[in-house]
Amino acid sequence: MLGLAGVLLVVAAAGLGFRAYRQHLAADTLAIRSPRGVQEGQFVDIGGIRQWVQIRGEDRNNPVLLFVHGGPGGTTLPITSGWRRWEKQFTVVQWDQRGTGRTYGAAGDALAPTMTLERMTRDGLELTEYLRAHLHKDRIILVGHSWGSFLGIHMAKQRPELFYAYVGTGQVVGRTTFEKAFELTIARLQTRAASTGNSEALAELAPVAARPTMTQENRLIAEKWSSVLALPPADRLQPAGLIPPLFMPDFSLLDWYYWRKGVAFSKKYLTGRDGPMFQHDMASIGFEFSIPMFFFEGDADGVTPGGPAEQYFNQIRAPHKEFVWIRGGDHFIPFNRPDEFLAELAARVRQFAGN
């Protein structure tokens with residue numbers, strides 16, 4: 001037993017040493033070296049707590065882009081090495097929201113009473129004010145992904161004077177987003193059941209498909225057959241960057257622990273039938289926006305299908321608006337296809353930042 005323990009210790013030490021070496025190489029690859037560049041990561045006092053903010057870019061004169069992550073609780077810090085080209089055209093800000101990653105690690109479960117859409121919207125606006133002062137900008141570009149699109153569009157609505165433009169991707173508009181996703185899940189289950197000749201599954205799924213409402217009974221049927229048929233995830237996160245997430249520099253094993261804890265913690269308060277994305281509908285905040293509005297949607301998104309977002313977008317009134325379908329794109333286009341996403345940002349959005 002002692003010999004086995006010794007072998008395991010040696011293997012673990014070797015693995016940690018290899019990871020540290022790969023992180024060292026990655027840090028060199030991702031280093032910002034331009035004289036006008038910025039590369040910062042620090043806690044900032046926002047909403048009465050310390051929240052982690054990372055800022056990277058090749059030129060401080062570039063427009064500032066605040067990326068509001070999804071999940072909820074899904075810090076994007078370890079999966080964004082594919083954004084290196086973004087940092088040549090924008091100063092990119094990532095933010096571990098309340099209940100997420102390092103911000104969760106600093107405060108823990110004491111955040112529970114404050115995990116609300118209203119409080120987190122105020123957090124986002126406080127952060128924006130900080131960025132304007134810290135980076136000497138009048139306004140910034142706001143990009144929201146998935147849950148972050150729901151949070152971000154509330155920020156844009158409440159304080160439009162802080163933003164040059166809003167970009168939603170994987171845009172959540174409320175209950176209809178998840179009803180459409182459920183409908184697609186039932187269709188995928190039927191296809192899988194048919195391909196495996198599972199007549200019992202087909203019989204049980206048929207009445208659900210005829211009326212795919214998210215009742216408790218229907219959801220239990222979907223969960224049952226998703227397990228039995230081993231239905232794969234609708235979309236897969238496959239980051240396109242040079243650095244695998246495990247080897248992202250300045251992201252420790254403790255950070256990974258807080259990432260997992262933060263996702264589980266945030267999920268309790270911000271998802272499900274009682275969460276804000278299900279209980280609030282975007283129509284309730286209206287269709288009038290005083291800044292340019294953009295939705296970049298993957299037409300193969302199975303997590304937040306673009307149909308409801310397009311229906312909402314068609315009713316938006318704004319000084320400028322564009323809805324862009326990314327053909328073949330899934331829910332994770334900023335990470336899986338970052339260069340294509342950047343091309344849309346550069347061609348359509350950057351002009352509104354005035355530099």
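**Reading the fold, step by step**

Tutor: Let's start with a pair of helices: helix 7 and helix 8 are roughly antiparallel to each other. Keep in mind that this is a predicted model.

Student: At roughly what angle do the axes of helix 7 and helix 8 cross?

Tutor: An angle over 145 degrees counts as roughly antiparallel. Here the axes of helix 7 (residues 199-210) and helix 8 (residues 216-228) cross at roughly 150 degrees and come within 10 Å. The crossing of helix 7 past helix 8 is left-handed.

Student: Which residues in helix 7 and helix 8 meet?

Tutor: From helix 7 you have E200, A201, E204, L205 and V208, and they meet N218, I221, K224 and W225 in helix 8.

Student: How many bridges does strand 4 form with strand 2, and are the two parallel or antiparallel?

Tutor: Four bridges, in the antiparallel sense, pair strand 4 with strand 2 (residues 49-57). You can follow them residue by residue: I55 has V93 as its bridge partner, and R56 has V92. With strand 3 (residues 64-68), strand 4 runs parallel, joined by four bridges. There, T91 stands opposite V64.

Student: Is strand 4 enclosed or open to the outside?

Tutor: Check each residue against the cut-off: buried means under 20% relative accessible area. Five of the five residues of strand 4 (residues 91-95) are buried, so the strand is largely enclosed by the rest of the structure. T91, V93 and W95 point one way, V92 and Q94 the other way, and all are buried.

Student: What about the largest nonpolar core? Which residues there touch the most other members?

Tutor: Of its 48 residues, those are L66, I153, F295 and Y312. Take F295: leaving aside neighbours within four places in sequence, its contacts include I153, Y166, Y312, F313 and V324. There is also a second, separate core of 24 residues, with I79, F296, L342 and L345 among them.

Student: And the backbone? What should I look out for?

Tutor: Most residues other than glycine have a negative phi, and most peptide bonds are trans. So look for exceptions. The peptide bond from G71 to P72 is cis, with omega near -10 degrees, and P72 is found in the loop between strand 3 and helix 2 (86-89).

Student: What is the phi of S146, and is S146 buried or exposed?

Tutor: S146 is not a glycine, yet its phi is positive, about 60 degrees. S146 sits in the loop between strand 5 (140-145) and helix 5 (147-158), and is buried at 9% relative accessible area. A230, also not a glycine, has a positive phi of about 50 degrees. A230 lies in the loop between helix 8 and helix 9 (253-270) and counts as partly exposed, at 49% relative accessibility.

Conventions. Residues numbered from 1 in each chain as written. Predicted model: local features only at pLDDT ≥ 70, side-chain atom pairs only at ≥ 80, totals over all residues. Heavy atoms only, no water. Buried < 20%, exposed > 50% of the residue type's maximum accessible area, 1.4 Å probe, protein only. Pairing = 2+ DSSP bridges. Core = buried A, V, L, I, M, F, W, Y, C linked by side-chain atoms within 4.5 Å. Contact = heavy atoms within 4.5 Å. Axes fitted to C-alpha atoms, helices over the stretch in contact; angles between N-to-C directions. Parallel < 35°, antiparallel > 145°, perpendicular 65-115°, else oblique. Left-handed = near helix turned anticlockwise from the far one by under 90°.
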